[in-house]
Amino acid sequence: MKFAAPRSARRLTAIILLLTCAAFAGSPKVEHIGPLPASAVSAGLRQSVADKGYRVTLEDGWTAEFWFARELKTDKKDVPGALYPELNNGEFVGVVRFPQGMSDFRGQAVPAGFYTLRYQLLPQDGNHMGVAPNPDFLLASPVADDARPEQAYVLRKLVALSAKSTGTGHPAVIALESAGKSGTVSKEENGNVVFSVEVSSPAGTGETLGIVVKGAAAQ
């Protein structure tokens with residue numbers, strides 16, 4: 001004869017299971033991963049990024065995989081308000097894979113896939129005033145349409161290229177914020193979740209970027 005456990009015992013077991021699941025959900029994390037898959041991108045893109053990448057996993061299970069440029073091209077200059085004035089507009093920063101897609105800083109859906117990331121300052125005009133606390137962004141473009149990392153783009157061309165990621169008239173925009181410790185994920189006071197990573201730059205120095213992997217512009 002089988003006996004059912006007392007209701008209180010069953011309730012305690014359920015609570016323990018819930019707590020265990022919550023514990024295993026864990027905090028956001030950053031892991032090192034292998035090279036950019038050769039079958040996913042052009043040879044030029046694969047050769048332009050570092051041999052190892054990063055996988056960022058958030059609390060809800062969302063992930064993104066990044067492979068950054070072997071060396072950023074920096075240029076000392078004064079750009080009022082910019083967090084990363086040494087970077088150049090249209091500069092190739094790396095490749096990202098969104099296994100489940102993502103929502104960009106404008107709230108636009110970006111389908112699952114591989115995308116190039118290029119730096120771009122937000123235009124200082126009436127259409128963009130107040131949309132973000134900082135003017136620094138990364139624009140994501142489909143790797144099939146941006147196969148040459150050395151290619152230079154004027155703003156109009158880059159916007160049109162990145163707009164292929166969203167299927168709208170607007171580019172896929174990923175905001176940049178002040179960086180924390182490299183290899184970490186943090187939640188800022190404004191609610192944005194920022195992945196901080198150091199990318200190689202000339203003379204052996206590194207450029208630490210703060211990439212908003214989850215967040216949206218104020219409406």
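Among contacts in the chain between residues at least 6 apart in sequence, what percentage join residues at least 24 apart?

## Overall fold

The share is 57%, where contact means heavy atoms within 4.5 Å. This is a predicted model in which local features need pLDDT of at least 70 and side-chain atom pairs count only at pLDDT 80 or more, while totals for chains, interfaces and linings use all residues. Residues are numbered from 1 along each chain as its sequence is written, and side-chain values use heavy atoms, with hydrogens and water left out.

The chain has 3 helices and 12 strands, taken as DSSP runs (helices H or I, at least four residues; strands E, at least two) that are numbered from the N terminus. Of its 219 residues, 41% count as buried, that is, under 20% relative accessible area with a 1.4 Å probe and protein chains only.

## Nonpolar cores

A nonpolar core is a set of buried Ala, Val, Leu, Ile, Met, Phe, Trp, Tyr and Cys residues joined through side-chain atoms within 4.5 Å. The largest has 44 residues, of which F66, F68, F98, Y119, F195 and I211 touch the most other members. Elements giving two or more residues to this core include β3 (63-68), β7 (113-121) and β11 (193-200). A second, separate core of 12 residues includes F105, A175, V194 and A217.

## Surroundings of D146

D146 lies in the loop between β8 (136-142) and α3 (155-162), and it is buried, with a relative accessible area of 0%. Its side chain makes polar contacts with the side chains of T116, at 2.6 Å, and R118, at 2.8 Å; a polar contact is a pair of N or O atoms within 3.5 Å, and within protein one must be able to donate a hydrogen and the other to accept it, residues adjacent in sequence counting only if both atoms are side-chain atoms.

How values were computed:
Buried < 20%, exposed > 50% of the residue type's maximum accessible area, 1.4 Å probe, protein only.
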